[in-house]
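This briefing is meant for a reader who is meeting the structure for the first time. Please keep the sequence and the model in view while reading the points below.

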Amino acid sequence: MDVFAYVERLPRPGETLTGDRLLYAPGGKGANQAVAAARLGATVSFHAACGRDGFGDRLVASLEEDGIDMTGVRRVEDATGVAMILVDREGENEIVFVPGANGHVTAPPADDRVDVWVTQAEIPAAAAKGVLDAARATGALAIVNPAPAGRLPADLVARFDIVVVNETELDALGGNHAPTTILTLGRSGARVMPDGPELPAFPADVVDTTGAGDALVGGLAAGLAQGMPVPDALRLGMAAASLAVEHEGCQPAMPQRHVVDRRLAG
């Protein structure tokens, strides 16, 4: 569950500020990416863990409303994970992540119906490795977004087919690079490394940047599952991200496919 507080500016250490408003919204990196992919037309199954609490009930119901298969979601006794997020008037943020039930996520089983697997670093490293193993078992594509930075071993990240990172996350990997690394550059766009194109960002009226990376990853995965080459799938994700930042929250801000197609068409 994301708990947003919107403020004039981000506080300095030891400083107390008065916020404008508070927002509770479904979140979690993996869930955000799943919702982004589903709203762009992908068939999505989610493998996760959440608590047997009110937040867990709300998150499961919200994901089911987007048509996501929740068979692989375990309910556990630990509290549902929470992110506490401050957002300033420019849309920049500070985030504290409390994993809770995310620490109970286990490796998923292999599934020959899956074309693209996606994982990230808000779950245990063993579970992320399990995603890679499940992909390798059937020849599916494996994508990792190693965020927050430094939580997954760099040598594990490098074994995935595609890695999506910002500059901080790229630095944390050192020289360990996957065959395809997508470097996101915020307002400057994104670059496909080592030899791919650099794509400009779509213009956007920024309100809240919190879910931008997740929208991009979900859009990339959806595009690849639909047979697009990497640059085209990345443009789909970038267009989704440009729309997501124009709204508050993460999952509530993920756009539908027809809206993204209009932005792609200019």
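The structure is a predicted model. Its largest nonpolar core has 47 residues, and the count of salt bridges comes to 16.

**Nonpolar cores**

- In the largest nonpolar core, which has 47 residues, those with the most contacts inside it are Phe46, Ile68, Ile143, Val164, Leu220 and Leu234.
- Among the elements that give two or more residues to this core are helix H1 (29-39), strand S3 (45-51), helix H2 (54-65) and strand S4 (69-76), and the list also includes strand S9 (162-165), S11, helix H6 (212-225) and helix H7 (230-244).
- The element that gives the most to this core is H7, with nine residues.
- Another core lies apart from this one and has 23 residues, among them Val131, Ala134, Ala142 and Val163.
- Once its neighbours within four places in sequence are left aside, Ile143 is in contact with Val116, Trp117, Val118, Thr119, Phe160, Ile162, Val164, Leu220, Ala221 and Leu224.

**Helix H6**

- Helix H6 has 14 residues, which at 1.5 Å a residue should span 20 Å, and this agrees with its end C-alpha atoms, which are 20 Å apart.
- Because 12 of the 14 residues of H6 are buried, this helix is largely enclosed by the rest of the structure.
- The buried residues of H6 include Ala212, Asp214, Leu216, Val217, Gly219, Leu220 and Leu224.
- The cover over the buried residues of H6 includes H1, strand S7 (116-120), S8, S9, strand S10 (180-184) and H7.
- After H6 comes Gly227, and the phi of Gly227 is positive, near 90°.

**Salt bridges**

- Arg9 and Glu15 form a salt bridge in which the closest N and O atoms are 2.5 Å apart; Arg9 is partly exposed at 33% relative accessibility, and Glu15 is partly exposed with a relative accessible area of 24%.
- A salt bridge also joins Arg75 and Asp57, with the closest N and O atoms 2.6 Å apart.
- Since Arg75 lies in strand S4 and Asp57 in helix H2, this pair ties together parts that are 18 residues apart in sequence.
- Both partners count as partly exposed, Arg75 at 26% relative accessibility and Asp57 at 45%.
- Arg136 forms a salt bridge with Asp161, and here the closest N and O atoms are 3.1 Å apart.
- Arg136 lies in helix H3 (residues 125-138) and Asp161 in the loop between H4 and S9, so the pair ties together parts that are 25 residues apart in sequence.
- Arg136 counts as partly exposed, at 41% relative accessibility.

**Cis peptide bonds**

- The peptide bond that runs from Ala147 to Pro148 is cis, with omega near 0°, and Pro148 lies in the loop between strand S8 (141-145) and helix H4 (154-157).
- The peptide bond from Met193 to Pro194 is also cis, with omega near 10°, and Pro194 is found in the loop between strand S11 (190-193) and strand S12 (198-199).
- For background, most residues other than glycine have a negative phi, and most peptide bonds are trans.

**Thr210 and its surroundings**

- Thr210 has its place in the loop between S12 and H6, and this residue is buried, with a relative accessible area of 14%.
- Although Thr210 and Cys250 are 40 residues apart along the chain, their C-alpha atoms are separated by 6.4 Å.
- With neighbours within four places in sequence left aside, Thr210 is in contact with Phe4, Ile85, Val87, Asn93, Ile95 and Cys250.

**A nonpolar surface patch**

- Met84, Val96 and Val98 make a nonpolar surface patch of about 250 Å².

Technical notes
Residues numbered from 1 in each chain as written. Predicted model: local features only at pLDDT ≥ 70, side-chain atom pairs only at ≥ 80, totals over all residues. Heavy atoms only, no water. Patch = residues over 30% accessible without salt bridge, like charges linked within 9 Å, V, L, I, M, F, W, Y side chains within 5 Å. Areas by Shrake-Rupley, 256 points an atom, 1.4 Å probe, with all protein chains shown as cover. Salt bridge = Lys/Arg side-chain N within 4 Å of Asp/Glu carboxyl O. Helix = DSSP H or I, 4+ residues; strand = E, 2+ residues; numbered from the N terminus. Core = buried A, V, L, I, M, F, W, Y, C linked by side-chain atoms within 4.5 Å. Buried < 20%, exposed > 50% of the residue type's maximum accessible area, 1.4 Å probe, protein only. Contact = heavy atoms within 4.5 Å. Expected span 1.5 Å × (residues − 1).
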